[in-house]
Amino acid sequence: MIPLGNGDVGAPPPLDWKFSQVFGERAAGEEVHEVDIISAIEFDKSGEHLATGDRGGRVVLFERTDAKDHIFRKDLERMDYPVARYPEFRYKTEFQSHEPEFDYLKSLEIEEKINRVRWCQSTNGALSLLSTNDKTVKYWKVQEKKVKKICDMNLEKSSSVGNGSLAGTNGAVEFNFPPGGIPSLHLPVVVVGHETNLVPRCRRIYAHAHDYHINSISNNSDGETFISADDLRINLWNLEISNQSFNIVDVKPVNMEDLTEVITSAEFHPTHCNTLAYSSSKGTIRLIDMRQSALCDRHAKLFEEQETAGSRSFFTEIIASISDIKFGKDGRYILSRDYMTLKLWDLNMESGPVATFQVHEYLRPKLCDLYENDSIFDKFECCLSGDGLRVATGSYSNLFRVFGCAPGSNELTTLEASKNPTKRQAQMPSRPSRSLTGSLARVRRRGAESPSVDANGGSYDFSTKLLHLAWHPTSNTLACAAANSLYMYSADDRLQNDCTKK
C-alpha cells in the first residue's frame, strides 16, 4: 500500500473510543417521528461548528464550547500541563430551511427533507452554509444581532413629558403637553446591550435547475462557486448569482431507454478549484478538469476496479453502485462507499483502489432478502480523519466501523451509536430512509424486514441503520446520526501521538 498521511512513522495503535455527547436522545419506548430523523451532518473546516439537517426540513447548528481551551492547548502542552479535553458542543440555533412543495406541472410532491448541508466561508462573523432538498439549494447566513435597551434618559424619571389618550370618535391619538411646553429634548443617555439573538436569513435560492433529485452539493475552494448534482447532471453555480447556472456534466442519453448509469455523488477537490470528481451507479469514479471544455463530457481520469472472472451475478451492479465519495484533506486520495465495501483510491493510480475495507461481507448470502426488502438500496456515507490515517462508515443496528488505512495497520473498531458504544444493545426501530437516486433501473418488490446474523453470530436489524456520520477535521471525534439522535464519540489524540513517537 502507498503510504497515507503520516505513514513514515508506521501504523499508529488503535484508538480507544469513548462516548462524548448525545443530543436528542430518545427514551426507551419513545416513538420517533419521521420529521425528526437526521438526514445530513457536516463539520465546518475549523471544527468549531457542526450542522445537521433532518427530514422535516430543519437545519440545526451546534457550536464548540471548549474553543478557548482548545486555542491555548499548545501553550499548555509546553508547560507539561495534562490536557484531556475532547471537543464539546452545545446547541446554538435552528431554522426551517425547506418546506414541502408541490410541482403542479409534473404533479409531483417535493419533500422538505434536507439531503445535504455544506458550510461556506464565514464573513463578518456570520455563519454561512448551503442546504438542499430534492430540488432547491438555499444559501443561509446566521448572524448575531444585539438587542439594546435604554437604561437612562436625560430627564428625571418623574418628569412627565406627556401622555396619550385614544379619541373615541375617529381613533386618532391626542397628546397633552405640560404647561409651558417641553423644557428639553427627550434623549437616551445610557444604552446597554440587553441580549443577543441569532438571526438566520436566506440570502439566495437556487431553484429550477434540476429535473431529478439532487444528491450532492459541494463548495469550491475558490470560495465563490459550488456544484449541485442530480442523477443525470451536474450544475455549476456562483454563490452571488441565483438565477443562472452552467451545466458542466450531462450523462442523459438521447433515448432514455439507453440509460445505463446515473450520477450518485459529486465533490470538488479540496485545493484545486478546477477539479472535481463524481461517482456512478456502475461503481466508477470520474475525475474531470473544468479547464478542458465548458461541457465536461470527457473525464481526465477514470477509477474503476476490474471484475474477477465468474464473479458477476444479478446483484453485481446493484452492490457496486457508489453511494458516497470524499476527498482526503490533501486531495490525493478519494474514499468511496458502495454497499459492501469502503475503497481508498490514489489519484495517481487508476487501475484499482490502494485499499479495500470489508463492511458488509457477512451479508453476501442474504442479498436476495436485502433486495426483497429494499435494504440493498440503502445509501451509506463515509468519512476520513483529518490526518488521513483512518476511515469510517455506518452499518445496520446503528453500528459504525473505523478502519486504519496507514501502512501495516489492521485496525478495525466496531461501535454502536449509544452511550455504551462498545456493548451491543437492542435498538428501537425507526422508519428507514431510502434515497431515490439510482432508482431509474430499479424494480421494487414487497418483503418484510428481518434481522440477519454476522460472522460472529451477532444479530443485525435492517430497520435501524446509521447512514450519516462526519469526522471532526482536526481531532479524532465522530458525529453519528441514529434516527433522531446525534451521538458524538472521541478518542485521546495525545495517547496516539505519544505512542507513535515512541
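1. Contact here means heavy atoms within 4.5 Å. On that basis, residues 24 or more positions apart account for 60% of the chain's contacts with a separation of 6 or more.

2. This is a predicted model, in which local features need pLDDT of at least 70, side-chain atom pairs count only at pLDDT 80 or more, and totals for chains, interfaces and linings use all residues. Residues are numbered from 1 along each chain as its sequence is written, and side-chain values use heavy atoms, with hydrogens and water left out.

3. Confidence comes next. pLDDT is the predictor's confidence in each residue, from 0 to 100. The chain has a mean pLDDT of 82, and 77% of its residues reach 70 or more. Two stretches need care. Over residues 1–8, pLDDT stays under 50, and the model has 20 contacts beyond four places in sequence for them. Over residues 425–451 it also stays under 50, with 64 such contacts. Where pLDDT is low, the predicted coordinates should not be read in detail.

4. Overall content: five helices and 34 strands. These are DSSP runs numbered from the N terminus (helices H or I, at least four residues; strands E, at least two). Of the 502 residues, 49% are buried. Buried means under 20% relative accessible area, exposed over 50%, and partly exposed in between (1.4 Å probe, protein chains only). The chain exposes about 25400 Å², and carbon and sulfur atoms supply 50% of that area. Accessible areas come from the Shrake-Rupley method with a 1.4 Å probe; for residues, only the protein chains shown count as cover.

5. Look at the open sheet of four strands. Its order is β14-β15-β16-β17, with antiparallel pairing. β14 (216–219) and β17 (241–250) are the edge strands, each with a single partner, so one side of each has no neighbour in the sheet. Neighbouring strands are turned by 25 degrees against each other on average, direction ignored. The angles run from 0 to 180 degrees between N-to-C directions, with axes fitted to C-alpha atoms (for helices, over the stretch in contact). Two strands pair if DSSP finds at least two bridges between them. β14 and β15 (residues 225–229) have four bridges; N219 has F226 of β15 as its bridge partner.

6. Which residues touch the most other members of the largest nonpolar core? They are Y339, L363, L367, L370, I376 and Y396, out of 18 residues. Such a core is a set of buried Ala, Val, Leu, Ile, Met, Phe, Trp, Tyr and Cys residues joined through side-chain atoms within 4.5 Å. α3 (316–320) and α4 (367–372) each supply at least two of its residues. The largest share, three residues, comes from α4. Beyond its neighbours within four places in sequence, L370 contacts Y339, L363, S375, I376 and F462.

7. A second, separate core has 17 residues, including C383, L469, C480 and Y487. In β33, C480 is the bridge partner of L469.

8. Is β33 (residues 477–482) enclosed or open? Six of its six residues are buried, so the strand is largely enclosed by the rest of the structure. T477, A479 and A481 cover one side, and L478, C480 and A482 the other. β32 (residues 468–471) pairs antiparallel with β33 over four bridges, and a hairpin through five residues joins the two. β34 (residues 485–490) runs antiparallel to β33, with six bridges; A479 has M488 of β34 as its bridge partner. The β33–β34 hairpin has two residues between the strands, and A483 in the turn has a positive phi of about 55 degrees.
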